[in-house]
Amino acid sequence: MYVLAVVGSPRKGGNTDVLVDRVLEGAASVGADARKVYLGDLDIAPCRGCLSCERTGECVQRDDMAWLYDEVVRADALVLGTPVYWWGPSAQLKVFVDRWYALIARKDSLAGKRVVVVAPYADSDPGTPRHLFGMMEESLEYLGMTLQGTLGVTASDIGDAAGDEAGIRRAFELGRSLCSG
């Protein structure tokens, strides 16, 4: 099984990255191969709303989304990681998801893909990521993918996620469940 992990945090080694790594360790424990990409390292422009992809099946923009579309289609499962910014995803992840509009033409190749979303947030309210998780569930369902699970972890300062033993354990199990059965 091939898992594509997409990190939407601008902080390498930060809380989102730590949680995504642990999910990938869980996936690897049941035999998955993975690739992790940092959206902050890529050149991905916002959707122009030109609707060309509806006519041609491809986005007219020539940026790093071109190869990332192929990776999304090739992957058996996805791990999406983003810190919660104002009850939603980071700008990096939001641009990535907005550009999925061009994948509607390849909707059949997305059907059945499993996805997990991990999201650290900087407060103690466990409801903080609810809008992010709801947005992702609706988007994935529209494309025929399945939200296999979510993980929200309170992590205000860099390193907090690594110190949350229960959160780290849940991330590992989320990776295992993503690739099992």
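The following dialogue reads selected features of a predicted model.

Me: How many bridges join E3 to E4, and how many join E1 and E2?

Reply: E3 and E4 run parallel and are joined by five bridges; there, Gly81 stands opposite Val118 in E4. E1 and E2 are paired in the parallel sense over six bridges, with Ala34 in E2 as the bridge partner of Val3.

Me: How many residues of E1 are buried, and what is the count for E4?

Reply: A residue counts as buried when its relative accessible area is under 20%. In E1, six of the six residues are buried, so this strand is largely enclosed by the rest of the structure. Both of its faces are covered: Tyr2, Leu4 and Val6 are buried on one side, and Val3, Ala5 and Val7 are buried on the other. E4 is mostly covered, with eight of its eight residues buried. One side of E4 carries Arg114, Val116, Val118 and Pro120, the other Val115, Val117, Ala119 and Tyr121, and all of these are buried.

Me: How many residues does the largest nonpolar core have, and which of them have the most contacts inside it?

Reply: In soluble globular proteins, nonpolar side chains tend to be buried together. Here the largest nonpolar core has 34 residues, and those with the most contacts inside it are Leu4, Phe96 and Trp100. Two or more residues come from each of strand E1 (2–7), helix H3 (65–74), strand E3 (77–81), helix H4 (91–98), strand E4 (114–121) and helix H6 (130–142). A second, separate core has 23 residues, including Leu19, Val153, Ala155 and Ala171.

Me: Which residues does Phe96 touch, and is Phe96 buried or exposed?

Reply: Not counting residues up to four places away in sequence, Phe96 touches Val6, Leu39, Met65, Leu68, Val72 and Leu80. Phe96 has a relative accessible area of 1%, and is therefore buried. Trp100, at 3% relative accessibility, also counts as buried.

Me: How many aromatic pairs does the structure hold, and how is the geometry of a pair read?

Reply: A pair of aromatic rings is described by the distance of the centres and the angle of the planes. The structure holds two aromatic pairs. The rings of Phe96 and Trp100 have centres 5.5 Å apart and planes at 80°, so this pair is edge-to-face, because planes over 60 degrees apart count in that class.

Me: Over which rings do the charged ends of Lys12 and Lys107 sit?

Reply: The charged end of Lys12 is over the ring of Tyr38, 4.8 Å from the ring centre. For Lys107, the charged end sits over the ring of Tyr142, at 4.2 Å from its centre.

Me: Where is Gly134 placed, and where does Ser180 lie?

Reply: Gly134 is in helix H6, and its relative accessibility of 28% makes it partly exposed. Ser180 lies in the segment after H7 and, at 34% relative accessibility, counts as partly exposed. Neighbours within four places in sequence left aside, Ser180 is in contact with Val30 and Arg114. Ser180 and Ser109 are 71 residues apart in sequence and, C-alpha to C-alpha, 20 Å apart in space.

Key
Residues numbered from 1 in each chain as written. Predicted model: local features only at pLDDT ≥ 70, side-chain atom pairs only at ≥ 80, totals over all residues. Heavy atoms only, no water. Phe/Tyr/Trp six-rings, centres within 6.5 Å; stacked < 30°, edge-to-face > 60°. Buried < 20%, exposed > 50% of the residue type's maximum accessible area, 1.4 Å probe, protein only. Lys NZ or Arg CZ within 6 Å of the ring centre and 35° of its normal. Core = buried A, V, L, I, M, F, W, Y, C linked by side-chain atoms within 4.5 Å. Helix = DSSP H or I, 4+ residues; strand = E, 2+ residues; numbered from the N terminus. Contact = heavy atoms within 4.5 Å. Pairing = 2+ DSSP bridges.
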